Structure formats: structure tokens, C-alpha cells
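Subject: Handover of a protein structure

Dear colleague,

Please find below the structure that I am passing on to you. My notes on it follow directly after.

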Amino acid sequence: MTDVRVAGVGLTRFGDHPERTGRDLFGEAALRAFEDAGVDSADVEELNYGNFMGALAEHQGHQAPLMAEAAGVRCPATRYESACASAGVAVREAVRTVAAGDADVVLAGGMERMTNLPTDEVTEGLAIAADDLFEVRAGVTFPGAYALMANAYFDAYGGSREDLAHVASKNHANAVPNEYAQYRTEVSVEEAMDAPPVAEPLHLYDACPITDGASALVLVSEEYAADHDLDASVAVTGTGQGTDRMALGDREHLARTPAADDAADAAYADAGIDADAVDVAEVHDCFTIAEVLALESLGLFETGEGIAAAREGTTTADGDLPVNLSGGLKAKGHPVGATGGSQIAELTRLLRGDHPNSEHVSDAEVGVAHNAGGTVASAVVHVLEVAE
């Protein structure tokens, strides 16, 4: 097995790109990743690409060859789909490929284009990540599903809408200096509390936005990095994946996410660390309650204690364990097929010291990324460490 280094990262600005195509967005992210890495695109041996709803948003299936062309690579290219965890799965398979010695250079990431569709069509498109037979046909949407999870959490462990408002306010504040973020404006706890309801107890600022964007990572073996004198100071030392029942009605608990539990356990074991070693985290906060559930599944807080983390200041930029310094899905945005790659790109920048929020984690050595699909029926966790 070989160490896997993040040689370069590339992102587009997340937000509204109605006139651009998906291949254009991914091409931009890939070019930035190659420039950041100092790696020639001709050296790429595989492309792992995440996308969820391109067949609906752009009427385009079979996207991997198109994205290889857009990235300027000529190699085996595969599209991965796992709802909002699509890029996370694509990156995981890239990490495993490099670690196994099957390739020295893999380009991984993802793209989603969504704002070209009206909101009702985006909602309908995203809903296919739920159980069509037992949820979608009954009228369940993801805001409604996460509202059920939030109410179940409050019933089991306590908490309030104000606790969730602190999560929203924290992540909006973190997004302000991030040049790639969709919403670079602060939102106070009071504003979040006063926002209109979407699905009680979730209100407008509890939900992530509809977003276009792309992410790309150049992953290389430790040997390739040394041979080419690359400044690849961040390594992916652990990866894990988990799965749960699709429909909420079939689960034992609505206020816990076992798929993420399993993914975290596997990633920590792979890295040879435990949760206490984590200095900074990027987690899948598609709704504010999802951040709370992620913190507990990652073992960063005990069950029932994650709800107070933002309100008590533990997970704020100046807290003991900063979470979502990128702004998270909540404020940076959530182009679903790109998010898993974006989280790792942001963590890499934070650990390298070239992120606008790196000053808050200047001594950080270990980061964890948590990417989830649907109501966490799928989850992928990666551990990143500053390489010695």
C-alpha cells in the first residue's frame, strides 16, 4: 500500500451559472486542480467523476467521457452516482486505486448543474434519491424528511429551533471570506429564527440552496509526488463508506445515522486514529439538523450533545473544533454531485494554510470530511492529515 497525497485541488465558484454547461464547469475545476498540483494532465491514468441528476438537468447521461474531454485527459473515465455522496464515492474509489498501486495519478471530483431548472423541477429531481415507492409517491420531500429527523431528535434528546439557528448563523459567517461560496453574507441567529418555515421545525435558513458548481482533485501516490518534486503536503490517510435502509419508515432510529457511523469507524480504522485526533471537520449540512447528526456519527460529540455545539461555540471558527469553515453546504452551496470533492478541497486548503479561514486552524494536523446521500442512506468519510 502507498500513501495517497492530494497534489492539487480545483473549484468553480458555487452559485448560479445558468448559461454554462456542466462540462464547462468541470473543465474549469480540473484545470485549476492541474495548475494547483503542477501535474501534467497527460499523466492522469483514471478519471472518477461524481454526478447525480445530469440526465434530468442537462438531458445528458454517459457523462464521464464528456468530462474526460473537458478536463483534457485521455484515460478510463467512470461516473459514480450515490445521490449527494456521488463525488465522495468517486474520491473514495480514487483513493483506493492509488493506495493499491493500480495508478499513480487519478483525477477525481464531480459536477452538478441545477439552477437552469425551476425550483419545482429541482425538488422533483432531488426526490429520486428517496424511496419512490414508499416515500416519494406519498409526497415526502427532503425538507419534510429532514424535518421528521429533526423532530425525532428533539423528542429523543432535546434541543430547539434556536440551536439549529446557531448552526446556520455559524456557517454563513464562515462563508463570508470564501471566494468560492454562494452566499457570502452573514445571517444572525435572530434572522434565522424569523425566517419563514419550510417544514417545521426547519425554516428557510436551515436549508442549503440550489447550486451549480464543480470540484476536482489530483490524487497521486507518495512515490509520484517524490519523483516529481511535488508540494503535496496533505495525505488522505483513511476512507470509509456506509449504507442504511433507504426509507425513513424502515429505520430503527430517525435521530441517528448508522451509515455515517459505519463510514466513520472504517475511515478512522484505516487512518489508525480515533475521533479525538480530529482538529477540523467539513460535514454534510444539507439541513442544519444534518450537521448535528454528522457530528455525533463522527464521534466528535456524544449522542444527544451535538445539538448544542454551535450555540456553545465549540464548532465556531474560534472554537475548539471548527466545523464547516468553508461555509458548509448551508452557505457555500450544494451542487450535489460535486460536494464530496469540494469538502476535501476545502479541507486540503485549510490544512495547507492557504484557505481564507486557515488562521482559525493554524496548528491543525487532522481533518475529517463527511459526505452523505439522501437522508444518509449513503455516507462516505475521509480522513486527511498533514504529511510528515
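Leaving aside its neighbours within four places in sequence, which residues is Ala29 in contact with? With contact taken as heavy atoms within 4.5 Å, they are Gly10, Leu11, Thr12, Ala214, Ser215 and Ala216.

Before I continue, two remarks on the basis of these notes. This is a predicted model, in which local features need pLDDT of at least 70 and side-chain atom pairs count only at pLDDT 80 or more, while totals for chains, interfaces and linings use all residues. Residues are numbered from 1 along each chain as its sequence is written, and side-chain values use heavy atoms, with hydrogens and water left out.

The overall fold

The protein chain contains 13 helices and 11 strands; these are DSSP runs numbered from the N terminus, with helices being H or I of at least four residues and strands E of at least two. Its radius of gyration is 19 Å, close to the 21 Å that the globule rule gives for 388 residues, so the chain is as compact as a globular protein of that length. That radius is taken over C-alpha atoms, and the rule is 2.2 Å times the number of residues to the power 0.38. Along the principal axes, the C-alpha trace spans about 55 × 45 × 40 Å.

Of the 388 residues, 62% count as buried, where buried means under 20% relative accessible area, exposed over 50% and partly exposed in between (1.4 Å probe, protein chains only). Among contacts between residues at least 6 apart in sequence, 78% join residues at least 24 apart.

Over residues 16–223 the chain is 43% helix and 15% strand, with the end C-alpha atoms 40 Å apart. Over residues 240–385 it is 29% helix and 16% strand, and the end C-alpha atoms are 15 Å apart.

Ala29 sits in helix α1 (residues 22–37) and is buried, with a relative accessible area of 0%. Its C-alpha atom is separated by 9.1 Å from that of Gly110, 81 residues apart along the chain.

Asn48 belongs to strand β2 (residues 46–50). Asn48 is also buried, at a relative accessible area of 1%. Not counting residues up to four places away in sequence, Asn48 touches Thr78, Tyr80, Ala90, Glu93, Ala94, Val106, Leu107, Ala108 and Gly109.

Backbone features to look at

Most residues other than glycine have a negative phi, and most peptide bonds are trans.

- A cis peptide bond, with omega about 10°, joins Glu200 and Pro201. Pro201 lies in the loop between β5 (197–199) and β6 (202–203).
- Asp229 has a positive phi near 55°. Asp229 is in the loop between α9 (222–227) and β8 (234–243) and is exposed, with a relative accessible area of 71%.
- Asn324 has a positive phi of about 60°, although it is not a glycine. Asn324 is in the loop between α11 (288–297) and α12 (328–332), and is buried, with a relative accessible area of 0%.

With kind regards
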